[in-house]
Structure formats: structure tokens, C-alpha cells
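Please look through the sequence and the 3D structure shown here before reading on. The paragraphs after it can be followed with both in view.

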Amino acid sequence: MILIEHGPGGQPVLFAAPRELLVAWEAAEVLPLLARADEARAQGLWVAGWIAYEAGYAMEDRLHPLMPEEAGPLLVLGLYDAPQPAGALLAQAEVEAEGASLAPIRPLVGRAGHEAAVHRVLDYIAAGDCYQINLTIPLASHLQSGTALGLYGALRQRQAVGFGAFADMGVGPVLISRSPELFF
């Protein structure tokens, strides 16, 4: 299932029970499955799901050798007849929110590694190779109690942002996002 919140004025929608589920585990599957999704969209079906960052390696021949060995599913897309109202699922998320908590969040890059990355960024900018770099570090945690849907509900109560998404496709990770940015 996929819940998508459209921001101010938009109604949350739910995509449940796909007609077909497209899952790419290998780089060679990405482009054919994207073509299948386009074909389904042209036939009037709705396409909802997610595409992993690592799927980009599959879209450019020069990047194929850089594909991480354990990338997980590269894309998971459902083909649906139409979206449904999401009120019942949002109500369930609100009820489950009380029991949801994360373990303490910890950075996966130490201070020295972060400082080295900052210096590389400054060197690129000084050399004129770029004018902006978004430097991030990976963080790790895990669901300590409750459900993933409850965690989404808890974040929803605390984060008044324009857009949100909850995707549990039964394959790969459950994705949760609260963002000021629109998903497509």
C-alpha cells in the first residue's frame, strides 16, 4: 500500500491492492520495468511506488560497474486502477502513533570523516568545479516499538510539512517520508 499526502488543499490518497507489482532486483530489470510502467500508464492505470537511488546506476552504461553489490530492490512499482480515499488509514496511523518509537539515532560517519568531506567540498568549490554541494551523512536507527504506520502517524503529528508518503509494498523496505517537497 502507498499513502500519498499532497500538501495544502490536496486530499491524501491511498493506493492499495495493485493489479500488478513490478520489482527490479537486478540492474537489467530496471529499464524494462519502467517501460512496462509507462505502458500501463498509457493504458489508463495509475503507477505508484518508489525507485531507489541505486537504480540510477542501471540507467547509464558507464555506471553499471559502480552498482553496489547489495542494493536491495531497485524499484518497486504498483499498477492500480485508481487511488482511494486515505482517511481510514490515516486514522489507523493516528491510533498507532502512541506506541511508536525509534531507537536513538546515530551517525554512520565520524567527526574526522565529516571534516574530510567538508574539506573536499571546499576544495571543489575553490577549484571552480561546482558552486554548490549538498553534503549529508547517513544516520541509523531502528523501530524500537510500535509499527511503521504508527511511526508515520507520530511523525505526521509532529511535522507540519506539505507532503508525506508511506509505502509498504510487501517487498523491500517500508518507506516513510515527511517532506516539504512533492513526490512524483
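The model is predicted: local features need pLDDT of at least 70, side-chain atom pairs count only at pLDDT 80 or more, and totals for chains, interfaces and linings use all residues. Residues are numbered from 1 along each chain as its sequence is written, and side-chain values use heavy atoms, with hydrogens and water left out.

Helices (H or I, at least four residues) and strands (E, at least two) are DSSP runs, numbered from the N terminus. Two strands count as paired if DSSP finds at least two bridges between them. In general, strands of a sheet pair through backbone hydrogen bonds, either parallel or antiparallel.

Begin with the sheet of five strands. This sheet is open, its order is S6-S2-S1-S11-S12, and its pairing is antiparallel. S6 and S12 stand at the edges with a single partner strand each, so one side of each has no neighbour in the sheet. Strand S11 (residues 163–167) is joined to S12 by five bridges, and the two run antiparallel. Along this pair, Phe 163 stands opposite Ser 179 in S12, and Ala 167 is opposite Leu 175 in S12. S1 is joined to S11 by four bridges, again antiparallel; here Leu 3 faces Phe 166 in S11.

How many of the five residues of S11 are buried? Five of the five are, so S11 is largely enclosed by the rest of the structure. Buried means under 20% relative accessible area, exposed means over 50%, and partly exposed lies in between (1.4 Å probe, protein chains only). Both faces of S11 are covered, with Phe 163, Ala 165 and Ala 167 buried on one side and Gly 164 and Phe 166 buried on the other. Helix H4 (residues 148–158) lies across S1, S11 and S12 and runs at about 5 degrees to S12. For such angles, axes are lines fitted to C-alpha atoms, for helices over the stretch in contact (heavy atoms within 4.5 Å); the angles run from 0 to 180 degrees between N-to-C directions.

Another open sheet has three strands in the order S3-S5-S4, with antiparallel pairing. Strand S3 (20–24) and strand S4 (46–51) are at its edges, each with a single partner strand, so one side of each is left without a neighbour in the sheet. Neighbouring strands of this sheet are turned by 15 degrees against each other on average, direction ignored. S4 and strand S5 (residues 75–80) run antiparallel and are joined by six bridges. Within this sheet, Val 47 stands opposite Leu 79 in S5. Helix H1 (residues 27–42) packs on the sheet and touches S3, S4 and S5; its direction makes about 155 degrees with that of S3.

Next come the charged side chains. Side chains of opposite charge can pair when their charged atoms come close. A salt bridge is a side-chain nitrogen of Lys or Arg within 4 Å of a carboxyl oxygen of Asp or Glu, and by this rule the count comes to eight salt bridges.

One of them joins Arg 178 and Glu 5, whose closest N and O atoms are 2.9 Å apart. This pair links distant parts of the chain: Arg 178 is in strand S12 (residues 175–179) and Glu 5 in strand S1 (residues 2–5), 173 residues apart. Arg 178 counts as buried because its relative accessibility is 16%, and Glu 5 is buried with a relative accessible area of 9%.

Another salt bridge is between Asp 81 and Arg 19, with the closest N and O atoms 2.7 Å apart. Asp 81 is in the loop between S5 and strand S6 (84–85), while Arg 19 is in the loop between strand S2 (13–15) and S3, 62 residues apart. Arg 19 is exposed, with a relative accessible area of 59%.

Glu 60 and Arg 62 also form a salt bridge, their closest N and O atoms being 3.6 Å apart. Glu 60 is partly exposed at 33% relative accessible area, whereas Arg 62 counts as exposed at 69% relative accessibility. Salt bridges that share partners join Glu 5, Arg 156 and Arg 178 into one network.
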